[in-house]
Amino acid sequence: MGEIATSYRQITLYYSSDSVRAKQTIAYAKTEGFIVLEVDILKEKLTGTQIIELADRLQISVADLVNQQHPEYKKNFEPHNFSTNDWIKMIQHNPTIMKQPIAVRGDITILIETPTDILKI
């Protein structure tokens, strides 16, 4: 079993407090009556196991969790093929480059593209 606790009674939202989309998603979810457990990845460092589990739940590789179009990524890194451990370290040391927000509810995990995506969960 993974390190991420899940419940059908609440949505756990992994997000960056710098993200406008994340703030809109939280507001929208609360307006719709969802109970939201907020995990700000800028304040709470994710473990390697949590990063791998989020990627697995989304059915993508850890490398695909990295937004290589993010200005912070472009400023500090060049496109590369890194090992999974290297990608994990990059996310841990530069959480702003992780694609987010990610919503988890029970067995369902989605990457939020627009705030209304929260209704899919």
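Guide: This is a predicted model.

Visitor: In which sense do S1 and S2 pair, and over how many bridges?

Guide: Thr-12 belongs to strand S1, which spans residues 11–15.

Visitor: What is the strand order of the open sheet?

Guide: The sheet has 4 strands and mixed pairing. Its edge strands, each pairing on one side only, are S2 (36–40) and S4 (108–111). Neighbouring strands are turned against each other by 15 degrees on average, direction ignored. The order is S2-S1-S3-S4.

Visitor: Which strand does S3 pair with in the antiparallel sense, and which residue of their hairpin takes a positive phi?

Guide: S3 covers residues 102–105, and its antiparallel pairing with S4 runs over 4 bridges. Within that pairing, Val-104 stands opposite Thr-109. The hairpin has 2 residues between the strands, and the phi in question is near 60 degrees. The partner strand is S4, and the residue is Gly-106.

Visitor: Why is S1 described as largely enclosed by the rest of the structure?

Guide: In a regular strand the side chains alternate between the two faces of the sheet. On one side of S1 are Ile-11, Leu-13 and Tyr-15, on the other Thr-12 and Tyr-14, and all are buried. S1 is largely enclosed because its buried residues number 5 of 5.

Visitor: Is Thr-12 buried or exposed, and what is it in contact with beyond its sequence neighbours?

Guide: Burial requires a relative accessible area under 20%. Thr-12 has 4%, so it is buried. Leaving aside neighbours within four places in sequence, its contacts are Ala-5, Leu-37, Val-39, Ile-102, Ala-103 and Val-104.

Visitor: Which strands does helix H1 touch, and at what angle to S1 does it run?

Guide: H1 takes in residues 20–31 and packs on the sheet. The strands touched are S1 and S2. The direction of H1 makes an angle with that of S1 of about 165 degrees.

Visitor: What do the buried residues of H2 pack against?

Guide: H2 (residues 48–58) lies across S1, S3 and S4, running at about 95 degrees to S4. The buried residues of H2 are Gln-50, Ile-51, Glu-53, Leu-54, Ala-55 and Leu-58. Just after the helix, Gln-59 takes a positive phi of about 60 degrees. The buried residues pack against S1, S3, S4 and helix H4 (84–93).

Visitor: Is Asp-117 buried or exposed?

Guide: Asp-117 is located in the segment after S4. Apart from neighbours within four places in sequence, Asp-117 is in contact with Ile-110, Leu-111 and Ile-112. Its relative accessibility is 10%, so Asp-117 counts as buried.

Visitor: How many nonpolar, polar and charged residues line the largest pocket?

Guide: The largest pocket holds about 230 Å³ of space. Its lining includes Ser-16, Asp-18, Ser-19, Arg-21, Asn-67 and His-70. Also among the lining residues are Thr-96, Met-98, Lys-99, Gln-100, Leu-111 and Glu-113. By class, the lining has 2 nonpolar, 6 polar and 4 charged residues.

Notes:
Residues are numbered from 1 along each chain as its sequence is written. This is a predicted model: local features need pLDDT of at least 70, side-chain atom pairs count only at pLDDT 80 or more; totals for chains, interfaces and linings use all residues. Side-chain values use heavy atoms; hydrogens and water are left out. Two strands pair if DSSP finds at least two bridges between them. Axes are lines fitted to C-alpha atoms, for helices over the stretch in contact, and angles run from 0 to 180 degrees between N-to-C directions. Contact means heavy atoms within 4.5 Å. On a 1 Å grid over the protein atoms alone, a cavity is a set of points where a 1.4 Å probe fits but cannot get out, and a pocket is an open set with protein on both sides within 12 Å along at least five of seven lines; lining residues have an atom within 4 Å of a point. Grid points are joined across faces, edges and corners, and a volume is the space filled by probe spheres set on the points. Ala, Val, Leu, Ile, Met, Phe, Trp, Tyr, Cys and Pro count as nonpolar, Asp, Glu, Lys and Arg as charged, and the others, Gly among them, as polar. Buried means under 20% relative accessible area, exposed over 50%, partly exposed in between (1.4 Å probe, protein chains only).
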